Structure formats: C-alpha cells, structure tokens
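Trainee: I would like to learn how to read a model like this one. Please show it to me first.

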Amino acid sequence: MKTNILGIYEDEKVLTDAVDKLQAQGVTISDVFSPIPLHGIWEKLNLTTRLPLATFLYGAFGAALTFAFLFWTSVVSYPLKFGGKPLNTLSFIIIMFVLTINIGTLFTFITYFVREKMFPGKQVKLDVPRTTDDQFTIVIERPLDMSLDEEKKINALLKETGAVEVIETNN
Amino acid sequence: MDNKLQIGSKFKMAMFALIAVGVITVIAGFLTGEATRTWANLLLNNYYFLAVALGATFWLAIQAITQSGWSAAFVRVPQAMGNYLIVSFFLFLILFLGIHNLYHWTHHDAVLQDAILLHKAPYLNLPFFAIRYVIFFALWIFLTQRIKKLSLKEDQLGGTVFFEKIEFTSKVYIFVLAISFSLFSIDWLMSLDAHWYSTIYAVKKFVMAFYHGTAIVLAIIIILNKLGQFPMLNKTHLGDFSRWLFVLSMIWGYMWLSQYLLIWYANIPEETVYYVPRIMGEYKNYFYSELIINWLFPFLFLMWNRVGKNANALLFVIFVLIVGQWVELYMSIMPNTIESHSITYVEIGTFLGFAGVFALVIAWSLTKAPLVPRNHPYLQESIEDGH
C-alpha cells in the first residue's frame, strides 16, 4: 500500500513553475501526469528509461534474424540463381530494412505493455480522470513515517504554487 | 542582445592567406599542365560551397514554413550564408573559361557524330546552359535577399506582418529551389557524363545540400557560441539540431541506396556504366567511404542521445560531414574528368581557397545585422526553449 499526495493544476506553465519551487524546497516529486507532452519536465524530474535501448537491441536482433532467414532460404536451403545475381545479394536490404522496423516496433510495444501491466480490456483506474483532458497532476510519494507537519507543509506548498485541489490517494 | 559581430584582424588575415593559397594553387595547377584537374577541382569546390549555402537557406525556409519557434534566435546565420550565392555567381563564371575541358557535349564536332548527344542538344547546348545558369542564380539571389530584407525590416518595425511575408516567400523559394537546383545539378554535374542519366541524381544532390548545409549552420552557431555569442544556446537547441542531422543522414542514405540498388538490380549496361569505374576501379575505397562517412557513422553516432546534446561531439560529426560532402562530390566529378584518382596539392589548395572565401563572406555578412533578430514573434520561445 502506497500513499500519494496529488496536486492538481489547470495550466502547464503553472505546473512547471510549481515543480521548480517544490524541488527548491526539497520535496521529491515522483511523477507528473499531463494530457500533453511537457517540454523539459523529463529532465527536471530525473526520470530514466531503458526503452530506447531495448528498441535498439530489438532492431539489431531483427536485422540479424531477418538476414539469417534470408541467407538460409536463398543460399543454404534453396540456392537458385536468377538474373545473374549472387546468391547472397543486396536485395536482402529492403526486406531487412522493413522487418527490422517491424520487429523493433512490435517488441517495444510488447515490452511496454508487459512493464506497465497493461492488456486489452483493462479497466482504467484514474485518480484524477481529467488528467487525460485538461488537468495536470504532480505526484508526491508519502512514506508511512512522514510526520503530519511535513505533510501539511507539502499541502500548503502545493496550494501556494497554484494547485486548484490537493488530494491523497491509496493504491 | 543587440551586439553586432566584429571581425578580428587575425581572422581576416588567416582567411586572406587561405584565399592566397587557393589562387596560387590554381595558377600552379594550370602552369604545371594539370588543366583538367584544376578545372575539375574548381567545379567541385564551386558546387560544394554553393550547395552548402543553398542547403542552409533551404533549412531557413523550412523553419519559416513550419513556424518553428525553437530556431528563431538563429535565423541570422543561414540568412548570412545566403549572401554567398552572390559571390558564387561570379566564381561559377570562371568555369565558363574551362567548359570545354570539363564537358564533352560542348564540343560541336563531337555532338554531330553522336546520336545521343544530338538528341539532347536542344537542351544541352551552351547558350541555353548559360541562360539557365543566369536565371537560376537570379531567382535564388532575389528570393534569399528578399527573405533577409523582410527579416531586417521586422527588426525595426515588429509585428507579425513580416513573419507572414517571410513565410510566403519561403514557400515560393522551396518550390523554386526544388526545380532549379535539380536542373542545376543535372547541368553542372550529371552532364559531365552526358550519355548517362539517373532520375534520382538531382534528388540525391538536393538532399546532400540540405544535409550538409544544415550541418554548417550548426557548426557556425557552435563556433560563435564558443566565441561568446548566442548565450541562449542550450542542450535543447543542440538536441533539435542533432535530430535534423540524424533525420537528414537517413534521407541521404535512403537516396544513395535508391539510386544504387535500382541500377544494380536492373543491371542495364547504359545505367551501370556510371558505377563501373566507381565501384570496380581505383575509386573503390571512396565509393564505400562515401556511404560510411555520410550515413553509417552519423546514423549510429547521433542515435546516442548524449552525443546530440554535446557541442564538441556535434562539431566532430560536422567535421566528418565536411569531409563526407567532399568525398561525395569527388566521386561524382573525378571519374568523368581526371579519370585516374590521386589527391594532389591541387585538391587541397583549391578547397582551402574556397573555404577562405566562404568563411570571409559569411563572417562579413554576419557583421551587417544584429546576430539575434529583435522582433521575431517566436524569439522569446526560442530563448526560453528547454528552460
């Protein structure tokens, strides 16, 4: 069971300024929810992801796999000369190109779904439903041993920086 | 904000020294009986820097058309590069003196005996060639100067009127450039081998110009930043620029492959004649290094996010690309002109001379206007980008 304090904002500029102010006060922000991509917020929160690296590896794997398949079919298993071209030919490139993208994308997609525990037909559970529409949310994790004073201070800070609402959720 | 650039006397002297090297090289080239080689190098370097200037102005036009905010503070650099077109017009004029050394189709007797050249004669003849040359340069210079003038007026008067006018002129410019630069590449490079043609040749040269022009814009911005200008330049700007280079490297690689793969696959002697001396003979090493330098290296290197945000790493990529464009043009021109490959003092000296002219013209143009536009509507967005 984790408790989170959510500060809800109605403007992205107010939110990005609020992130700066909260961080200046030593508050650790664990996440931000937004209906639109926010420039620079990623760097501010020091979020990291290995998904691009995974995509690169899947792509490299896809290229190798496709080449192995083409090599096996047209050189090893059924060598057939046509048009005077060598068996191991440049025309592999187009198929490798397309399948590299295909395999890279599909595997990334699957990885993302597995990591986010998503599946088709999953019920959406949103604490602030309007974050998919016109509201922005700052998420601050509340450890169990956090004192009441500290919590009050964070709540006050959120309000002060322009939050229209501050709520607490368990999930 | 309003500081204008000053050219130091050291820089001026260095550039004049480079130009002197270039002039001496060209004269020495003629005196030592290397006339064809010298003309070929003059063509190579003329085309090289023209392509860079046109690519930069094309990039500028794209920024205006897409109404990009992030690049608003840097538009003066490609605008200044547009000024090189005027100088380039006169430098290209020199080539008319050596046109018979370069182009087989300019020899009247040879054309009469050659069915293919005779068939192409209504288009490929000297008077029409010269007329096209004048028209193309007139259009480019007129449109780029108009964009620059509108931008300077915007500095004084402000408002969004000029912004919209620049956008409209840019739209005209990209259409004009797409057609005229394609025909220009066909005239000056592809007609070196007038019997051969490729429908994708002009597109590839256009992408080359766009790619390397953007790289030089970024190089100038980074160098000026290191000299204390453009204090607003940050990692987000560098990241945006590096993404441009990354995308353009892919488009360039795509065009390279599209031309090569189709000719390789069809295997028609009329078409493969272009690649035979390039891939089988002494140009073999250049052939592969062209692809590695211009596509494989930037593609793999810029894929790494940290490289795109590091000014020194980007400068290194751009340096490689400067060599890359030279190799590409060397591959286009030399097998049809000097035939046997060797890099002598002529190649190096001519390039240095042209680089000197180019740098001097750009530096001089940059001093003529405030380095950062004053009243660009997106200026604030550009300066605050990433903050």
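Predicted model: local features only at pLDDT ≥ 70, side-chain atom pairs only at ≥ 80, totals over all residues.

Trainee: Which helices and strands does chain A have, and in what pattern along the sequence?

Mentor: Start by listing the elements in order. Chain A has five helices and four strands, and along the sequence they follow β-α-β-α-α-α-β-α-β.

Trainee: What does the radius of gyration of chain A say beside that of a compact globule?

Mentor: The rule for a globule gives a reference value to set beside the computed one. For 171 residues a compact globule would come near 16 Å, but chain A has 25 Å. The C-alpha trace of chain A spans about 80 × 30 × 30 Å along its principal axes. Of its 171 residues, 12% count as buried.

Trainee: Into which domains is chain A divided?

Mentor: A domain may be made of separate stretches of sequence, as the assignment for chain A shows: domain 1 takes 3–47 + 127–170, and domain 2 takes 51–115. Taken over C-alpha atoms, the centres of domain 1 and domain 2 of chain A are 44 Å apart. Contacts can also be sorted by separation in sequence. Among those in chain A between residues at least 6 apart, 80% join residues at least 24 apart.

Trainee: Which strands pair with β1(A), and in what sense?

Mentor: Look for the partners, then the bridges. Strand β1 of chain A, residues 3–9, pairs with β3(A), residues 136–142, in the antiparallel sense over seven bridges. Within that pairing, Ile8(A) stands opposite Thr137(A). β1(A) also pairs with β4(A), residues 165–170, in the antiparallel sense over six bridges, and here Ile5(A) stands opposite Glu168(A).

Trainee: Is β1(A) mostly covered or mostly uncovered?

Mentor: Mostly covered: five of the seven residues of β1(A) are buried.

Trainee: How do I read the helix α11(B)?

Mentor: Compare its reach with the expected span. α11(B), residues 235–266, has 32 residues and reaches 46 Å from first C-alpha to last, close to the 46 Å expected. Its buried residues include Phe241(B), Leu245(B), Trp252(B) and Tyr260(B). Among the elements covering the buried residues of α11(B) are α10 and α16 of chain B. Just after α11(B), Asn267(B) takes a positive phi of about 60°.

Trainee: How many residues of chain B are in contact with chain A?

Mentor: Count each side separately. Seven residues of chain B are in contact with six residues of chain A. The chain B side has four nonpolar, three polar and no charged residues.

Note on methods: Residues numbered from 1 in each chain as written. Chains lettered and ligands numbered in written order. Contact = placed C-beta atoms within 7 Å. Nonpolar A, V, L, I, M, F, W, Y, C, P; charged D, E, K, R; others polar. Helix = DSSP H or I, 4+ residues; strand = E, 2+ residues; numbered from the N terminus. Rg over C-alpha atoms; globule rule 2.2 N^0.38 Å. Buried ≥ 20, exposed ≤ 12 C-beta atoms within 10 Å, placed from the backbone. Domains from an automatic or database assignment. Pairing = 2+ DSSP bridges. Expected span 1.5 Å × (residues − 1).
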